[in-house]
Amino acid sequence: MIEFIIPGDPVPQGRPRAGRAGRRIVMYDPKESREYKRYVSLIARQHAPKTLLKGPLSVEMKIYRKIPKSTTKKDRALISEGIKRPITKPDNTNYAKGIEDALNGIIYKDDSQIVDLQVQKYYSDDPRVEVRIQEIDIYGEIS
């Protein structure tokens, strides 16, 4: 099992942008997404296995977003109990996609190996992303 924390505000994967390279049109990540992927890659390298994981994987991500400044005391109490959680954009898949891409070639060969993905959003005064990656054996059990 590989576990690590990505400190700071989580950044969702932005929509690809198009630009010209001579006569060709090329697609690229928005700057903020590209920089976040680079940041995630740096952290992941500290937890990388000696050889890339090559089989099916189970991935769990807990996204902790900053508590909005306009939050009432009543809502803060609900947040601290884990009752009130973010239901606003961006959605879970946008957070997960950028992180999955950043781990390609560092933790696993390709993010297509992820067969089980769980992404949860929470509020916190300590924004971060907690990542847990586990290999699944040939019988479908997490090892």
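This is a predicted model: local features need pLDDT of at least 70, side-chain atom pairs count only at pLDDT 80 or more; totals for chains, interfaces and linings use all residues.
Biologist: What is the mean pLDDT of the protein?
Modeller: The mean is 93, and 99% of the residues reach 70 or more.

Biologist: What makes β1 and β6 a pair?
Modeller: Two strands pair if DSSP finds at least two bridges between them. β1 and β6 are joined by 6 bridges, so they meet that rule, and they run antiparallel.

Biologist: How many bridges do β4 and β6 have, and in which sense do they pair?
Modeller: β4 and β6 have 8 bridges in the antiparallel sense. Val59 has Ile133 of β6 as its bridge partner, and Glu60 has Arg132 of β6.

Biologist: How do β4 and β5 run, parallel or antiparallel?
Modeller: They run parallel, joined by 10 bridges. Ile63, for example, is partnered by Lys121 in β5.

Biologist: What is the order of the 4 strands in the open sheet?
Modeller: The order is β1-β6-β4-β5, with mixed pairing. β1 and β5 are the edge strands: each has a single partner, so one side of each has no neighbour in the sheet. From one strand to the next, the twist averages 15°. Helix α1 packs on the sheet and touches β1 and β6, with its direction at about 135° to that of β1. Contact here means heavy atoms within 4.5 Å, and such angles run from 0 to 180 degrees between N-to-C directions, with axes fitted to C-alpha atoms, for helices over the stretch in contact.

Biologist: Why does Asn94 count as partly exposed?
Modeller: Buried means under 20% relative accessible area and exposed means over 50%, with partly exposed in between (1.4 Å probe, protein chains only). Asn94 has 30% relative accessibility, so it counts as partly exposed. Asn94 is found in helix α3 and touches Pro12 and Gln13, leaving aside residues up to four places away in sequence.

Biologist: Which residues of α3 are buried?
Modeller: They are Tyr95, Ala96, Gly98, Ile99, Glu100, Ala102 and Leu103. The buried residues of α3 pack against β1, α1, β4, β5 and β6.

Biologist: What span is expected for α3, and how far does it reach?
Modeller: The expected span is 1.5 Å times one less than the number of residues. With 12 residues, α3 is expected to span 16 Å and reaches 17 Å from its first C-alpha to its last, which is close. Just after α3, Gly105 takes a positive phi of about 75°.

Biologist: What makes a set of residues a nonpolar core?
Modeller: The members must be buried Ala, Val, Leu, Ile, Met, Phe, Trp, Tyr or Cys residues, joined through side-chain atoms within 4.5 Å. The largest nonpolar core has 26 residues, of which Phe4, Ile6, Ile99, Leu103, Ile107 and Ile133 touch the most other members. α3 gives the largest share, 5 residues. Among the residues that Ile133 touches are Phe4, Leu103 and Ile107, not counting residues up to four places away in sequence.

Biologist: Which two residues does the cis peptide bond join?
Modeller: The bond joins Lys89 and Pro90, with omega about 0°. Pro90 is found in the loop between α2 (73-80) and α3.

Terms used:
Residues are numbered from 1 along each chain as its sequence is written. Side-chain values use heavy atoms; hydrogens and water are left out. Helices (H or I, at least four residues) and strands (E, at least two) are DSSP runs, numbered from the N terminus. pLDDT is the predictor's confidence in each residue, from 0 to 100.
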